[in-house]
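Got the structure open and wondering where to look? Here's a quick briefing you can follow while you turn the model around.

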Amino acid sequence: MAKQILIRPVITEKSTKLTDKRNTYVFVVNKDSNKIEIKSAVEAMFNVTVDRVRTAVMPGKPKSRSTKTAIVRGTKSSYKKAMVTLTQGETIDLLGGTNEE
C-alpha cells in the first residue's frame with residue numbers, strides 16, 4: 001500500500017538543501033492521498049518516525065514542441081508533492097549509496 005501512495009522521491013538542489021538543513025524529504029505522491037496516509041506510508045516503507053507532513057498540488061504547465069509539419073501543443077499533468085520532516089537524528093537513504101572508502 002505504501003508503494004501506491006509514494007510514487008517517487010524528488011531529488012533536486014532545493015530538496016537536497018531541505019534534507020541537509022531541516023531533515024525534510026520531498027516525494028511525489030498520489031493525488032488522492034492525505035497527510036495521515038502519507039505519514040503512515042513513509043513510516044512503514046523506511047522505518048522512521050515522521051514529525052510533520054506538508055503537501056502541495058503542483059499545477060500542470062503548458063508545453064509545446066514543433067516538428068517539420070506542425071506545432072504540437074499540450075499540457076503536463078499536475079501532481080501532488082509532499083514534504084516530510086523526520087524527527088531529530090533520523091535519516092532516509094534515498095540514493096541507496098554504499099559506504100566505499
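Let's begin with a hairpin: β4 is joined to β5 through four residues. The two strands run antiparallel, and five bridges hold the pairing between β4 (residues 62–66) and β5 (residues 71–75). Keep in mind that everything here comes from a predicted model.

**The hairpin**

- Is β4 tucked away or out in the open? Of its five residues, the number buried is zero, so β4 lies largely in the open.
- Pro62 is one of the residues of β4. Its relative accessible area is 69%, so Pro62 counts as exposed, the cut-off being over 50%.
- Pro62 and Gly74 are 12 residues apart in sequence, yet their C-alpha atoms are 5.9 Å apart in space.
- If you skip residues up to four places away in sequence, Pro62 touches Gly74 and Thr75.

**The chain as a whole**

- Count up the secondary structure of the protein chain and you get three helices and six strands.
- Starting at the N terminus, the elements go α-β-α-β-α-β-β-β-β.
- The radius of gyration is 17 Å, well over the 13 Å that the globule rule gives for 101 residues, so the chain is more spread out than a compact globule.
- Along the principal axes, the C-alpha atoms fill a box of roughly 55 × 40 × 25 Å.
- Of the 101 residues, 27% count as buried.
- Take the contacts with a separation of 6 or more: 59% of them are between residues 24 or more positions apart.

**The four-stranded sheet**

- Now find the open sheet of four strands, which has the order β1-β2-β6-β3 and antiparallel pairing.
- Which strands sit at the edges? They are β1 (6–9) and β3 (50–58), and each pairs on one side only.
- On average, neighbouring strands of this sheet are turned by 30° against each other, ignoring direction.
- What holds strands together in a sheet like this? Strands pair through backbone hydrogen bonds, either parallel or antiparallel.
- β2 (residues 24–29) and β6 are antiparallel partners, with six bridges between them. Across that pairing, Val26 stands opposite Met83 in β6.

**Helices on the sheet**

- Helix α2 (residues 13–22) lies across β2 and β6, and runs at about 140° to β2.
- Helix α3 (residues 35–46) lies across β1, β2, β3 and β6. Its angle to β3 is about 120°.

**The nonpolar cores**

- The largest nonpolar core has 15 residues, and the ones touching the most other members are Phe27, Ile38, Val42, Val84, Leu86 and Ile92.
- Which elements give two or more residues to this core? They are β2, α3, β3 and β6.
- Apart from that core lies another one of five residues, among them Val10, Leu18, Val28 and Met83.

**A closer look at Thr85**

- Thr85 belongs to strand β6 (residues 79–86).
- Is Thr85 buried or exposed? It is buried, because its relative accessible area of 13% is under the 20% cut-off.
- The side chains of Thr85 and Thr24 make a polar contact at 3.0 Å.
- Leaving out neighbours within four places in sequence, the contacts of Thr85 are Arg22, Asn23, Thr24, Val50, Asp51 and Arg52.

**Two asparagines with positive phi**

- Here's a bit of background: most residues other than glycine have a negative phi.
- Asn23 has a positive phi, near 60°, and is not a glycine. You'll find Asn23 in the loop between α2 and β2.
- Asn47 also has a positive phi, of about 55°. Asn47 is in the loop between α3 and β3.
- Which of these is buried and which is exposed? Asn23 counts as buried, at 14% relative accessibility, whereas Asn47 is exposed, with a relative accessible area of 68%.

Methods: Residues are numbered from 1 along each chain as its sequence is written. This is a predicted model: local features need pLDDT of at least 70, side-chain atom pairs count only at pLDDT 80 or more; totals for chains, interfaces and linings use all residues. Side-chain values use heavy atoms; hydrogens and water are left out. Buried means under 20% relative accessible area, exposed over 50%, partly exposed in between (1.4 Å probe, protein chains only). A polar contact is a pair of N or O atoms within 3.5 Å; within protein, one must be able to donate a hydrogen and the other to accept it, and residues adjacent in sequence count only if both atoms are side-chain atoms. Contact means heavy atoms within 4.5 Å. Two strands pair if DSSP finds at least two bridges between them. Axes are lines fitted to C-alpha atoms, for helices over the stretch in contact, and angles run from 0 to 180 degrees between N-to-C directions. A nonpolar core is a set of buried Ala, Val, Leu, Ile, Met, Phe, Trp, Tyr and Cys residues joined through side-chain atoms within 4.5 Å. The radius of gyration is taken over C-alpha atoms; the globule rule is 2.2 Å times the number of residues to the power 0.38.
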